[in-house]
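Trainee: May we go through this model together, one question at a time?

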Amino acid sequence: MTSGPPARAPLSPGHPHPSGASTQRAYLDASTVAPLLPAGRDAWLAAIDEGWADPRRLHREGRTARLLLEGARESIAADLGARTEELVFTGSHTEAVHAAVLGTLRARRRVGTRVVLSAVEHSAVLQATHFAGEPLLIGVTESGRVDVSGFTDEVGAEGVALACLQSANAEVGTRQPVAEVAEVTRSSSIPLLVDAAATAGHAAVPAGWDLLTADPRSWGAPAGLGVLAIGANTRWVSPSPADDGTERVPGAVSVPAALAAAVALRTVTAGRAESDRLRRGLTDRIRAVAATIPDTEVVGDPEQRLPHLVTFSCLYVDGEAIVDDLDRLGFAVGSGSACTASTLEPSHVLAAMGVLTHGNIRVGLPVGVTPEAVDEFCAVLPGAVARVRAMLGAEGL
Amino acid sequence: MVDADELGSEVDARGMRCPLPIIRLAAAARLAVPGSVVTVLSTDPAAEPDIAAWCRMRNAELVGQEWTADDTGDFLRSRVRVG
């Protein structure tokens, strides 16, 4: 395995911080997009030279591309717990989700158009079900776990064609009870889509799905690829015009992206026990420090969670201002607050959990994060929160 | 006996983005008579979950929240009983 990139790279000039800026950067926003993993990057560069040809062609160049593509399919399928022939490559995670939802609803249109799903699904799942069906949203607890009895009750309702439950939430890290729900969907013969975008590459993907989606960017692979698995016994009809490509969805697959995703996934899967232990310890440290900041709530399940995510909300803090302050100190973090989103809407996940949506900070530790970077983050965090509160005149409220 | 509701105050946070409506609510609550109701008018969609979360964190009672409209447009009216 290639050694990791320096977790701290020189800060680009032009962003001085009044309190004395750090000269290095730490990327701590790996909740949806992780930095390129060196092993995946190497595979990507090699495949640009080797796998550029059309994999449907019969000549040597085409056969080489085909070999790389099918090797990537076999490897990713194995690491996600799918069969090779179930795996479909798409152009993005969003496209994989759209194909899963629309293709299942198309195949089951005689049954109905209702879709049972948790209120904290990925926006692509929510949008696709709104677009093509009638969503029945199931609430979550304050820790973000779906109401299982509410979910399973609705699965038994008339006209339900599909159920969707994420394996874990990408914003707060809470793992969902997929096994419990899968037992009920199976006995009701309702197909279950498990969106594993947050989990794949960081923890084992739960079994029991009929359709599975994943996002290679979350495990350090380049953008330009999505992963969809359609169970061998799942009824699915392509919602798109026919196309004589290599996949069950239209369009050519980026062979270099597929190979990079396979190598990166194999690398993080091999190192999972170690990176789980390291990152769980570091996220525990961040959780403990955040909990000492006045009027700050750490959100998400403290135990049943992904190893690399921590989310907390600070009362009277502007999400955009805190992200900017931390950025200028050299730390890239995410936020679910409305002002940091393109839509100006607060995070639907935080709202569904009934926790503060403003002042939200979302930390995602990439594989290869250093304890030093996390220590430095923990050291500057309370001061950054206090500065933003002072800016808003909110001290002592 | 004076009805505590009659001692209440109103915060007009329409047009403000979170966390400003919550900061205004907190400032009004600090000055309010315990048990009285502070009414917050807001337009930011984040205020709806955030006022509810503030009440939970501050042991205040969320008496009611409803979207309404006048000639300026839609706004949320939240009524909070200060602990």
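This is a predicted model: local features need pLDDT of at least 70, side-chain atom pairs count only at pLDDT 80 or more; totals for chains, interfaces and linings use all residues.

Trainee: How are α1(A) and α7(A) oriented to each other, roughly parallel or roughly antiparallel?
Mentor: Helix α1 (residues 38-50) of chain A packs against helix α7 (residues 255-270) of chain A at an angle of about 155°, with the axes 8 Å apart. Angles over 145 degrees count as roughly antiparallel. The two helices are therefore roughly antiparallel.

Trainee: How do the residues of the contact of α1(A) with α7(A) divide into nonpolar, polar and charged?
Mentor: On the α1(A) side the contributors include A43(A), W44(A) and I48(A), and on the α7(A) side they include L259(A), V263(A) and T267(A). The division is 11 nonpolar, 2 polar and no charged.

Trainee: What is the area buried between chain B and chain A?
Mentor: In this interface, 18 residues of chain B are in contact with 22 residues of chain A. Carbon and sulfur atoms give 62% of the buried area, which comes to about 1,700 Å².

Trainee: Which residue of chain A meets R56(B) in a salt bridge?
Mentor: The rule finds 3 salt bridges across the interface of chain B and chain A. A side-chain nitrogen must lie within 4 Å of a carboxyl oxygen. At 3.7 Å, N to O, the partner of R56(B) is E142(A).

Trainee: What separation along helix α2 of chain A lies between R73(A) and E70(A)?
Mentor: These residues form a salt bridge, with the closest N and O atoms 2.8 Å apart. Because R73(A) and E70(A) are 3 residues apart in helix α2 (residues 60-80) of chain A, their separation is about one helical turn.

Notes
Residues are numbered from 1 along each chain as its sequence is written. Chains are lettered from A and ligands numbered from 1 in the order in which they are written. Side-chain values use heavy atoms; hydrogens and water are left out. Axes are lines fitted to C-alpha atoms, for helices over the stretch in contact, and angles run from 0 to 180 degrees between N-to-C directions. Helices (H or I, at least four residues) and strands (E, at least two) are DSSP runs, numbered from the N terminus. Angles under 35 degrees count as roughly parallel, over 145 as roughly antiparallel, 65 to 115 as roughly perpendicular and the rest as oblique. Contact means heavy atoms within 4.5 Å. Ala, Val, Leu, Ile, Met, Phe, Trp, Tyr, Cys and Pro count as nonpolar, Asp, Glu, Lys and Arg as charged, and the others, Gly among them, as polar. Buried area is the accessible area (1.4 Å probe) that two parts lose on being put together, summed over both.
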